[in-house]
Amino acid sequence: VQLQASGGGLVQPGRSLRLSCAASGSIFSISYMAWYRQAPGKQREWVATALSGGGSNSAQFAKGRFTISRDNAKNTAYLQMNSLKPEDTAVYYCNAGVRVRSTTPAQTYWGQGTLVTVSS
């Protein structure tokens, strides 16, 4: 199973960016897909999670600005980030709980990260 994160880049404060995370490989089901981020010199922190049933949750700093969504048919999660601030600068990682067979429990997989830089 591989998770491919994309969509990062340099953006001015106040602008928007949409990240994508595509899961591929031997996948039976995906229970959740999530985004984390790690700013320079800081620990990785959770951003948002989207569940297979349609529910989602996000960190307090993300509420009102970031929206996570999923396309289950494409095994892809998105993170729409609006009103970006310089403090949102970080490497954004996707994470998913994946079952490769119906008889095996879900395992956690991580993508390689995509860099988001918010600067004027």
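**View 1. A right-handed disulfide between Cys21 and Cys94.** The torsion about the S-S bond of Cys21 and Cys94 is about 70°, so this disulfide is right-handed. Cys21 belongs to strand β3 (residues 17-24) and Cys94 to strand β9, so the link ties together parts that are 73 residues apart in sequence. This close-up, like the others here, comes from a predicted model. The two sulfur atoms sit 2.3 Å from each other. A disulfide is a covalent bond between the sulfur atoms of two cysteines. How many disulfides does a search of the whole structure find? It finds one. Are the cysteines buried or exposed? Cys21 is buried, with 1% relative accessibility, and Cys94 is buried too, also at 1%.

**View 2. Strand β4 and its two partner strands.** Let us follow β4 to its neighbours. Strand β4 (residues 29-38) runs antiparallel to strand β9 (residues 90-99), and nine bridges join them. Look for Ile30 in this view: its bridge partner in β9 is Val98. Strand β4 also pairs with strand β5 (residues 45-51), again in the antiparallel sense, over six bridges. Here you can find Tyr36, whose bridge partner in β5 is Trp46. What do β4 and β5 form? They form a hairpin with six residues between them.

View 3. A search of the whole structure finds three salt bridges. In one of them, Glu45 meets Arg37, with the closest N and O atoms 2.7 Å apart. Glu45 is partly exposed at 32% relative accessibility, whereas Arg37 is buried at 7%. Arg37 also forms a salt bridge with Asp88, at 2.9 Å from N to O. Arg37 lies in strand β4 and Asp88 in the loop between β8 and β9, so this pair ties together parts that are 51 residues apart in sequence. Asp88 pairs with Arg65 as well, at 2.7 Å from N to O. Arg65 sits in the loop between β6 (56-58) and β7, so its pairing with Asp88, in the loop between β8 and β9, connects parts 23 residues apart in sequence. Arg65 is buried, with 11% relative accessibility, and Asp88 is buried at 0%. Which residues do the shared partners join into one network? They are Arg37, Glu45, Arg65 and Asp88.

**View 4. Loop residues on either side of β8.** Where are they? Asn75 is in the loop between β7 (66-71) and β8, while Ser83 is in the loop between β8 and β9. Asn75 is partly exposed, with a relative accessible area of 25%. Ser83 also counts as partly exposed, at 42%. Glu87 is another residue of the loop between β8 (76-81) and β9. Glu87 is exposed, because its relative accessibility is 55% and the cut-off for exposed is over 50%. From C-alpha to C-alpha, Glu87 and Val100 are 37 Å apart in space, and they are 13 residues apart in sequence.

**View 5. Thr104 and a backbone oxygen.** Our last stop is the loop between β9 and β10 (107-110), where Thr104 is found. What does the side chain of Thr104 reach? It reaches the backbone oxygen of Arg101, at 3.1 Å. Thr104 counts as buried because its relative accessibility is 18%, and buried means under 20%.

Conventions
Residues numbered from 1 in each chain as written. Predicted model: local features only at pLDDT ≥ 70, side-chain atom pairs only at ≥ 80, totals over all residues. Heavy atoms only, no water. Pairing = 2+ DSSP bridges. Helix = DSSP H or I, 4+ residues; strand = E, 2+ residues; numbered from the N terminus. Buried < 20%, exposed > 50% of the residue type's maximum accessible area, 1.4 Å probe, protein only. Polar contact = N/O pair within 3.5 Å; in protein donor to acceptor, adjacent residues only side chain to side chain. Disulfide = S-S within 2.5 Å. Salt bridge = Lys/Arg side-chain N within 4 Å of Asp/Glu carboxyl O.
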